[in-house]
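Dear colleague,

I am passing on the structure below, followed by an account of what was found in it. Please read the two side by side.

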Amino acid sequence: MLSRLLKEHQARQSERRELQGEPAPVPTATGPASPLSIGGWSCRSPPGRAPHWSMGLVAQAYVNQRKLDHEVKTLQVQAAQFAKQTGQWITMVENFNQALKEIGDVENWARSIELDMRTIATALEYVYKGQLQ
């Protein structure tokens, strides 16, 4: 049962790799014709010691991690600056909207005063005409 599940899993993985264009996994066996044998030298090392080629991989992983950490810090700083700038933009838009509302209030007030003045002028005109007759 487990072997069947393993075969199914490996088949799905190989299909996924083919779709993504990934290379096939490196075989684990070593020998003269094995990909892990380089120039007749086996990549196996004495027990308790890592193969010499793995040190380069570890160093490269460390360099890559350092680069990623630097990029993360840079992105965090940029995100904070963007958030601050966005807050400033929001404040500016809110102030602009408030100013537009105040202008609308002034226009409304002016129309109201103008209407009142016309009403008063019309009333005075009627009173003046009434006194003349």
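Is E107 exposed, partly exposed or buried? With a relative accessible area of 42%, E107 is partly exposed, where buried means under 20% relative accessible area, exposed over 50% and partly exposed in between (1.4 Å probe, protein chains only).

This is a predicted model, in which local features need pLDDT of at least 70 and side-chain atom pairs count only at pLDDT 80 or more, while totals for chains, interfaces and linings use all residues. Residues are numbered from 1 along each chain as its sequence is written, and side-chain values use heavy atoms, with hydrogens and water left out.

The protein has 2 helices and 2 strands, in the order α-β-β-α from the N terminus; helices (H or I, at least four residues) and strands (E, at least two) are DSSP runs, numbered from the N terminus. Of its 133 residues, 5% count as buried.

There are 4 salt bridges, each a side-chain nitrogen of Lys or Arg within 4 Å of a carboxyl oxygen of Asp or Glu. One of them joins E107 to R111, with the closest N and O atoms 3.3 Å apart, and both residues lie in helix α2, 4 residues apart, about one turn of the helix. R118 and E114 form another, at 2.7 Å between the closest N and O atoms, and this pair, too, is 4 residues apart in helix α2. R118 counts as exposed because its relative accessibility is 52%, whereas E114, at 40%, is partly exposed.

Best regards
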